[in-house]
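Open the model in your viewer and keep the selection tool ready. We will go stop by stop.

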Amino acid sequence: LCKYIKKHNVNVYLMGYYFGKNENVALSVDRANYVEWRLQQCGIRPERINPAGHGYKELSQGGKPGDLRKVDITISGNAPAVQPQKKPTQIDIANLKKDESITLDNIHFLPGSHKITSASEVALFHLYIVMKDHPNLKIRLEGHICCLQNTTHDGYDYDTQEYRLSENRAKAVYDYLVSKGIDKERMEYKGFGISEPLAWPERSLADENKNRRVEIRVTDK
């Protein structure tokens with residue numbers, strides 16, 4: 001596999017699976033992370049391993065337990081020499097109206113977790129500046145997830161061991177703004193699980209990434 005990746009200059013997407021009890025979610029993440037580590041040990045650059053794919057995917061009923069204790073490795077195209085980070089969305093407050101929403105770009109979380117990655121700091125700080133510069137602005141932070149089937153319930157957050165992944169991710173952004181001094185009375189948060197997908201059914205990694213998001217909705221200004 002390492003030889004193939006190097007020869008064809010491709011990226012890979014990792015997805016760990018689990019079977020059975022909720023405690024096994026963390027095991028699926030560990031499986032994907034172990035495969036990532038082994039790929040790096042054989043010389044694959046970290047930027048060739050898609051970070052959005054590190055995690056788990058709860059499968060519907062069916063199949064043998066042994067079939068679900070695995071990590072899928074998907075080839076996802078040529079690896080660019082440099083992968084510049086997408087600039088955070090510039091929120092134009094003057095043009096936003098009440099009840100309008102916008103997706104927060106570059107807000108990323110650890111797989112199966114509500115913990116925000118360090119790569120999200122620029123986008124979070126930009127949101128803080130917007131809130132600080134517009135003291136009459138009130139918002140609702142809305143969390144959405146991907147990769148669940150046959151349910152509208154929330155995802156499993158193995159940090160808190162509860163089915164509130166999208167809610168906890170929205171709250172994590174809320175907590176960040178509170179820590180920076182933004183008044184709690186100006187904000188609220190809510191998790192929508194997979195109930196409001198932008199792409200359905202999810203047929204690709206791009207579809208999953210569209211659904212895995214945090215949105216900001218103006219409630220007053």
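Two notes before moving on. This is a predicted model, where local features need pLDDT of at least 70, side-chain atom pairs count only at pLDDT 80 or more, and totals for chains, interfaces and linings use all residues. Residues are numbered from 1 along each chain as its sequence is written, and side-chain values use heavy atoms, with hydrogens and water left out.

**The whole chain**

Switch to a cartoon view. The protein chain has six helices and seven strands. Helices (H or I, at least four residues) and strands (E, at least two) are DSSP runs, numbered from the N terminus. Along the sequence the pattern reads α-β-α-β-α-β-β-α-β-α-β-α-β. Of the 221 residues, 41% count as buried. Buried means under 20% relative accessible area, exposed over 50%, and partly exposed in between (1.4 Å probe, protein chains only).

**Stop one: the salt bridges**

Side chains of opposite charge can pair when their charged atoms come close. The structure holds five salt bridges, each a side-chain nitrogen of Lys or Arg within 4 Å of a carboxyl oxygen of Asp or Glu.

Select Arg 217 and Glu 142. Their side chains meet at 2.8 Å, N to O. This pair links distant parts of the chain: Arg 217 is in strand S7 (residues 213-220) and Glu 142 in strand S5 (residues 138-144), 75 residues apart. Both Arg 217 and Glu 142 are buried.

Next, pick Arg 213 and Glu 215. Their closest N and O atoms are 2.8 Å apart, and both residues are buried.

Then go to helix H5 (residues 165-179). Asp 175 and Lys 171 both lie there, four residues apart, about one turn of the helix. Their salt bridge spans 2.9 Å, N to O. Asp 175 is partly exposed at 34% relative accessible area; Lys 171 is partly exposed too, at 30%.

**Stop two: an aromatic pair**

The structure holds three aromatic pairs. One of them is Phe 125 with Tyr 128, tilted, at 5.6 Å centre to centre and 50 degrees between the planes. Rings of Phe, Tyr and Trp (its six-membered ring) pair if their centres lie within 6.5 Å; planes under 30 degrees apart count as stacked, over 60 as edge-to-face and the rest as tilted.

Why are these two about one helical turn apart? Because they are three residues apart in helix H4 (residues 121-133). Phe 125 is partly exposed at 41%, whereas Tyr 128 is buried at 12%.

Lys 180 lies over the face of Tyr 128, 5.1 Å from the ring centre. A charge sits over a ring if NZ of Lys or CZ of Arg is within 6 Å of the ring centre and within 35 degrees of the ring normal.

**Last stop: Phe 109**

Select Phe 109, in the loop between strand S4 (101-103) and H4. Phe 109 is buried, at 16% relative accessibility. Leaving aside neighbours within four places in sequence, its contacts (heavy atoms within 4.5 Å) include His 114, Arg 169 and Val 214.
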